[in-house]
Amino acid sequence: MNNGVTVARAVDRLALGETFTFDQLVRAVQRSRQRGLRIVELADLGDHDGLCAVWLMKENEDLILHAHSDSALHRQQFVLHELAHMMLGHDFEDDPEEPDFLLPDIPPQTRRRLLRRQDLDTPEEILAETLADNLAAAIRGSTMHSSRYLEIFG
Ligand SMILES: [Zn+2]
C-alpha cells in the first residue's frame with residue numbers, strides 16, 4: 001500500500017497551523033496545486049447510487065461537485081474528503097464508473113474520483129476520510145461561517 005503522504009505531513013505541507021477556516025484551507029490547497037479549484041453543489045448528485053461527491057480534474061482546474069445535504073457539516077465533510085485526496089496526492093486513478101449521465105459537459109478523458117457512502121473501505125478512502133475528520137476538527141476549532149467557495153448549481 002502506497003499512500004504517498006501521511007495525514008500529518010499532508011496538513012503540515014499547507015502550513016496552516018492548528019486551526020483554520022474552510023476558506024483558508026481551500027485557498028491553501030489551491031495554492032499548493034497551482035490550479036483553480038471550484039466547489040459546486042449539484043442537487044441531483046445524491047439521487048444516483050448514493051454519490052456524495054465527485055472530484056473532476058480538468059485541464060486547469062479542479063472541480064468538486066457534492067450532493068446536497070440539509071446538514072452543513074455533512075456537505076462540508078463531502079468536500080473535505082475530496083480535498084483530502086488532493087492533499088494526499090491521490091490524483092492518479094480513474095474510476096471507471098463514470099457518471100456521464102450527470103455531467104454531459106465533461107470531456108470523457110477528464111480524470112475523476114467518486115465518493116459514495118458505501119465506498120469508505122479501501123485504505124485510500126479510509127485515509128482520506130481520516131484526514132477529512134482532522135480537517136473538520138481544525139475548522140471547528142476556528143470559526144464556522146458561510147464560505148464563498150460553496151456554489152450551487154440550479
Ligand atoms: Zn474518496
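## A tour around helix α3

Buried residues account for 29% of the 154 residues in the chain. The model is a predicted one.

**Whole chain.** Start with the chain coloured by secondary structure: there are 4 helices and 5 strands. Going from the N terminus, the elements come in the order α-α-β-β-β-α-β-α-β.

**Helix α3.** Select residues 72-87, which form α3. This helix has 16 residues and spans 22 Å from its first C-alpha to its last, close to the 22 Å expected at 1.5 Å a residue. Is α3 enclosed or open? Of its 16 residues, 13 are buried, so α3 is largely enclosed by the rest of the structure. Past the end of the helix, pick Gly 89, which follows α3 and has a positive phi, near 75°.

**Met 86.** Stay in α3 and select Met 86, which lies in this helix. Met 86 counts as buried because it has 22 C-beta neighbours inside 10 Å, the cut-off being 20 or more. Leaving out residues up to four places away in sequence, Met 86 touches Val 29, Arg 33 and Asp 62. Draw a distance from Met 86 to Val 29: the two are 57 residues apart in sequence, yet their C-alpha atoms are 7.6 Å apart.

**The α3–α4 pair.** Two packed helices are described by the angle between their axes and the distance between the axes. On the α3 side, show Gln 76, Gln 77, Leu 80, His 81, Leu 83, Ala 84, His 85 and Met 87; on the α4 side, show Ala 128, Glu 129, Leu 131, Ala 132, Leu 135 and Ala 136. Coloured by class, this contact has 9 nonpolar, 4 polar and 1 charged residues.

In soluble globular proteins, nonpolar side chains tend to be buried together. The largest nonpolar core of this model has 35 residues, and those touching the most other members are Leu 25, Ala 53, Leu 83, Ala 84, Met 87, Leu 131 and Leu 135. At least two core residues come from each of α1 (7-14), α2 (22-33), β1 (36-42), β2 (51-57), β3 (61-66), α3 and α4.

**Last stop: Leu 25.** Which residues does Leu 25 contact, leaving aside its neighbours within four places in sequence? Select Leu 16, Phe 20, Leu 83, Leu 135 and Ile 139 to see them.

Notes
Residues numbered from 1 in each chain as written. Predicted model: local features only at pLDDT ≥ 70, side-chain atom pairs only at ≥ 80, totals over all residues. Axes fitted to C-alpha atoms, helices over the stretch in contact; angles between N-to-C directions. Contact = placed C-beta atoms within 7 Å. Nonpolar A, V, L, I, M, F, W, Y, C, P; charged D, E, K, R; others polar. Expected span 1.5 Å × (residues − 1). Buried ≥ 20, exposed ≤ 12 C-beta atoms within 10 Å, placed from the backbone. Core = buried A, V, L, I, M, F, W, Y, C linked by C-beta atoms within 7 Å.
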